[in-house]
Amino acid sequence: DPSGLKDTVEGILQTRFDGEFEIVIVDNNSTDDTYDVAQSYAARHDRVHAVIEDDIQSSYAARNTGIEHATGDVLVFVDADITMDPDWLDTIATEIDDEEYLTYDVEVYVPDGEDTWVARYNEHTSFPIEEYAKERHFGGGGCIAVRRKVFEDVGRFDHRLVSGGDAEFGHRVAASGRDIRFTPETHVYHPARTSLRSQIKKEIRVGRGFCQLQRYYPDRYGRPGIPPRPSGSGDSSPDTGLPILSRLVFRLLGLLFLGCRGIGYLLELVAGDSRKSDRRSEPTS
């Protein structure tokens, strides 16, 4: 997302913050101009560094590579295309204090000229971060600030997961006795997904992630075969005050996306069983 990356880096560079900070851009083997954009910022700004994670295709592997290259004590994770208030870093630095894991508000907006039903649905349902923090004990990967010692204690993100790694990491942090703290004082802004195809692709990936969580962590998430209750976009969300047509469309889209998550879960379940069969059939030396 070269355009989104420009918006994000420009926003960080313009932030009002008296302390020291660096920007580590991790390119995860992109096929467009994203890395060129990253390199151009690194060439012009001493505090910007561009690195590549091309061994593992995974957003969580990319974040782990960022952790390796960062030098600071507080690590703040941002996705390309997120923008922020000018005092964003200042409020994080103030709020995190001795807290070790901080998450904050993500406001989803419909991009100009892309007012689709999918975009409106995303604007209405996406990123209930306060609920995630207080009830599900994690924050989204693009809106957390974590002290380095947390990673040293509980480990980094699980790069094997195609989705759900933010939740799995947050659950490890909570299990270590740390608070998952939400602050309403900090805001970032995320454009809504606007196309049905993009949203369906995401929901299938989320469904796969559910199954992977069970495969890798059955003691915490249950064994594969019985999917957990989906959360997030697939849920019916509060729609008080919405026009009747919007409520109807959102309900239908919610059911569609819930079904897509189920398809993703089944695809990963079958793929995992196939991998087990292949390993059992391999000749032994």
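Visitor: Where does Asn122 lie?
Guide: Asn122 is part of helix α5, residues 117-125. Helices (H or I, at least four residues) and strands (E, at least two) are DSSP runs, numbered from the N terminus. This is a predicted model, where local features need pLDDT of at least 70, side-chain atom pairs count only at pLDDT 80 or more, and totals for chains, interfaces and linings use all residues. Residues are numbered from 1 along each chain as its sequence is written, and side-chain values use heavy atoms, with hydrogens and water left out.

Visitor: What makes Asn122 count as buried?
Guide: Its relative accessibility is 2%. Buried means under 20% relative accessible area, exposed over 50%, and partly exposed in between (1.4 Å probe, protein chains only). So Asn122 counts as buried.

Visitor: Which residues does Asn122 touch, not counting those up to four places away in sequence?
Guide: They are Val108, Ala192, Arg193 and Gln199. Contact means heavy atoms within 4.5 Å. By contrast, 17 Å separates the C-alpha atoms of Asn122 and Gly259, 137 residues apart along the chain.

Visitor: Why does Val26 count as partly exposed?
Guide: Val26 has a relative accessibility of 22%, so it counts as partly exposed. Val26 sits in strand β1, residues 23-27. Beyond four places in sequence, Val26 touches Val51, Glu53, Ala62, Thr65 and Gly66.

Visitor: Does Phe182 count as buried or exposed?
Guide: Phe182 comes out at 13% relative accessibility, and therefore counts as buried. Its place is in strand β7, residues 181-191. Leaving aside neighbours within four places, Phe182 is in contact with Thr103, Tyr104, Asp105, Ile129, Glu130 and Ala133.

Visitor: What is Tyr101 in contact with, leaving aside its neighbours within four places in sequence?
Guide: Its partners include Phe138, Ile144, Val146, Phe169, Val173 and Ile180. Tyr101 is in strand β5, residues 101-109. At 0% relative accessibility, Tyr101 counts as buried.

Visitor: Which residues touch the most other members of the largest nonpolar core?
Guide: Trp88, Tyr101, Phe151, Phe157, Phe169 and Val188 do, in a core of 49 residues. A nonpolar core is a set of buried Ala, Val, Leu, Ile, Met, Phe, Trp, Tyr and Cys residues joined through side-chain atoms within 4.5 Å. Val188 has contacts beyond four places in sequence, among them Ile82, Met84, Trp88, Tyr104, Val106 and Cys143.

Visitor: Why is α1 called roughly parallel to α2?
Guide: Two packed helices are described by the angle between their axes and the distance between the axes. The axes of α1 (residues 2-13) and α2 (residues 34-44) come within 8 Å and cross at roughly 25 degrees. That makes α1 roughly parallel to α2. Angles under 35 degrees count as roughly parallel, over 145 as roughly antiparallel, 65 to 115 as roughly perpendicular and the rest as oblique. The axes are lines fitted to C-alpha atoms, for helices over the stretch in contact, and angles run from 0 to 180 degrees between N-to-C directions.

Visitor: Is the crossing of α1 and α2 left-handed or right-handed?
Guide: The crossing of α1 and α2 is right-handed. A crossing is right-handed if the near helix is turned clockwise from the far one by less than a right angle, and left-handed if anticlockwise.

Visitor: Which residues of α1 and α2 meet?
Guide: Pro2, Leu5, Lys6, Val9, Glu10 and Leu13 of α1 meet Thr34, Val37, Ala38 and Tyr41 of α2. The residues of this contact divide into seven nonpolar, one polar and two charged. Ala, Val, Leu, Ile, Met, Phe, Trp, Tyr, Cys and Pro count as nonpolar, Asp, Glu, Lys and Arg as charged, and the others, Gly among them, as polar.

Visitor: What is phi of Asp81?
Guide: Phi of Asp81 is near 95 degrees, a positive value in a residue other than glycine. Most residues other than glycine have a negative phi. Asp81 is in the loop between β3 (74-77) and β4 (83-84). Its relative accessible area is 18%, so Asp81 is buried.

Visitor: What makes His137 partly exposed?
Guide: His137 has a relative accessible area of 39%, so it is partly exposed. Its loop runs between α6 (129-136) and β6 (144-147). Phi of His137 is positive too, near 65 degrees.
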